[in-house]
Amino acid sequence: MKSIYLRNFFATAVMVLVCFLILAFSFVSIGRNYVISEYREDMVNGAREVSRMASAIVRHEALDSMTLGMSLSTVSNSTGNQVFVTDVDGRVVNCSDRAPVCRHLGIVISGEILAQIKDGGEFNQITDLSGMYESKRYVVAMPIYADKSILAGYVFVTNILDNMLGAWSTFLSIGLFVTIAVFAAALIISLIYSKSMARPLDEMASASRKFARGDFSVRVKQEDDTTYEMGALIESFNKMADSLEQAEERRSEFIANISHELRTPMTTIAGFADGILDGTISRDEQDKYLVSIRDETRRLSRLVREMLDVSQTRARAADPEKRIAFDLTELVLQTMLSFESRATSKELDVDPQLPDNHIMVVADKDAITQVIYNLLDNAVKFAHNGTCITVRLYKDNDKAYISIKDEGETIPPDDLPFIFDRFHKSDRSRSLDKTGVGLGLYLVKTIINSHDEDIAVKSENGITEFVFTLALAK
């Protein structure tokens, strides 16, 4: 399977190559024309200077004079161009080639070319001058006047195209080398960048495979800004992984809880049932053991119900979207009213120490209601008859504090560190009730912690106090 970073790399490479080809074609075409244009301009200027020089010489000497020939050689040596002069009939009479016998002398230029020079004032073409040269050259020609009106002849300046483009060819070679180097660097950078862009996707694919095997602990490293697409994708992926891990933890915890609590009653039920079936338990005692079986069955039913309640409440409390601003003072009063009859039956005095001004907090209202209810229920059950339960609400800095205090048995110091643990219950631990499954205070702590808040317990001299915090509404 082709990786995405290779696809991205090849796409980038093709794009860079196409761009370089377009730039190279434009550069070669425009550069070549520019070089030829500059060289042609130099040749035109050179031809114009030779024409003026020949015009001055021809007033005293002939066009085939040695003086003009030496001047043509000097110009040719300084410019690299070949220069020759013809008479009015187009016959070559002098040349910059200083060989003993110049092969160009006597050659006649066609009348058509001479006519173009005479009519246009100059000639500027790539030509072999009607077979004078073996290959085409760049030719510039101008008329020579003895004075302003008398035509004395013509001057021709020529050069081989390869000579004209020699410097351009060298520059082109250097440019080609630089282009290849830049292209290679661009490909390397593109490869590295494509690999870095694909790294998070590779990590996500690897993490997904681990998820499929049940490992939800892996996360993708967050390096990109979350305002960019890749950063937002990584953040969303990690949030999904957090949700999966939490769901797996809840599932494992639920299974562990069920296994822990179901083992004893199921063993008891099975043992009593086997004893009745195999006759180990006499008929006279069967009713007693059937009552035990019934009680254990009801306890199992209550256990399952409470476990489901715990799972649902934990999931809800952990959802930030469920949190709203509400009046905590009013919520405390409403919850206290539901315990009025039970407090009266135990002759308990309830002392609500609430502020005159209402306290607004931000939390999951239903979950906090469950917390206050559980703590009040715990206090009512374990408070001694005729004592007082104190409910205090106050705020400090940016936190609201709720304290629920009752007078009953002191919780031993050894039990205090474990009082919020799941299934921790004994006659001394003040769990939700002595026949419960030990989930009341565990649920309270779970809800408070899911709000990033704290809960603490203190028990001294028969007075037990639970205090938890909530964030004030801004």
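Is Asn397 buried or exposed? Asn397 is exposed, with a relative accessible area of 70%, where exposed means over 50%, buried under 20% and partly exposed in between (1.4 Å probe, protein chains only). This residue lies in the loop between strand 9 and strand 10, and its phi is positive, at about 55°, although Asn397 is not a glycine. The model is a predicted one, in which local features need pLDDT of at least 70 and side-chain atom pairs count only at pLDDT 80 or more, while totals for chains, interfaces and linings use all residues. Residues are numbered from 1 along each chain as its sequence is written, and side-chain values use heavy atoms, with hydrogens and water left out.

The chain holds 11 helices and 12 strands; helices (H or I, at least four residues) and strands (E, at least two) are DSSP runs, numbered from the N terminus. Buried residues make up 38% of the 474 in the chain. Among contacts with a separation of 6 or more, 64% come from residues 24 or more positions apart, contact meaning heavy atoms within 4.5 Å.

A nonpolar core is here a set of buried Ala, Val, Leu, Ile, Met, Phe, Trp, Tyr and Cys residues joined through side-chain atoms within 4.5 Å. The largest such core has 40 residues, of which Leu328, Val361, Ile368, Ile372, Leu375, Phe468 and Leu470 touch the most other members. Two or more residues each are given to this core by helix 8, strand 8 (360–363), helix 10, strand 9 (388–396), strand 10 (399–407), helix 11 (440–450), strand 11 (455–460) and strand 12 (463–471). Helix 10 is the element that gives the most, with eight residues.

Two packed helices are described by the angle between their axes and the distance between the axes. Axes are lines fitted to C-alpha atoms, for helices over the stretch in contact, and angles run from 0 to 180 degrees between N-to-C directions. The axes of helix 8 (residues 328–337) and helix 10 (residues 365–382) come within 10 Å of each other and cross at roughly 45°. Helix 8 is therefore oblique to helix 10, given that angles under 35 degrees count as roughly parallel, over 145 as roughly antiparallel, 65 to 115 as roughly perpendicular and the rest as oblique. The crossing of helix 8 past helix 10 is right-handed; a crossing is right-handed if the near helix is turned clockwise from the far one by less than a right angle, and left-handed if anticlockwise. Helix 8 brings Leu328, Leu331, Val332, Thr335 and Met336 to this contact, and helix 10 brings Lys365, Ile368, Thr369, Ile372, Tyr373 and Leu376. By class, these are eight nonpolar, two polar and one charged residues, with Ala, Val, Leu, Ile, Met, Phe, Trp, Tyr, Cys and Pro counted as nonpolar, Asp, Glu, Lys and Arg as charged, and the others, Gly among them, as polar. Leaving aside neighbours within four places in sequence, Ile372 is in contact with Leu328, Leu331, Val332, Thr335, Ile404 and Phe468.

The other partner is helix 11, which packs with helix 10 at an angle of about 145°, the axes being 9 Å apart. Here helix 10 passes helix 11 in a left-handed crossing. The contact joins Ala367, Ile368, Gln370, Val371, Asn374, Leu375 and Asn378 of helix 10 to Gly440, Leu441, Leu443, Val444, Ile447 and Ile448 of helix 11. Nine nonpolar, four polar and no charged residues take part. Helix 11 is mostly covered, with nine of its 11 residues buried, including Tyr442, Thr446 and Ser450. After helix 11 comes Asp452, whose phi is positive, near 60°.

Leu129, in the loop between strand 3 (123–127) and strand 4 (137–145), has a positive phi of about 55° although it is not a glycine; Leu129 is buried, with a relative accessible area of 3%. Ala473, in the segment after strand 12, is partly exposed at a relative accessible area of 29%. Beyond neighbours within four places in sequence, Ala473 is in contact with Ala325, Met360, Val361 and Val362.
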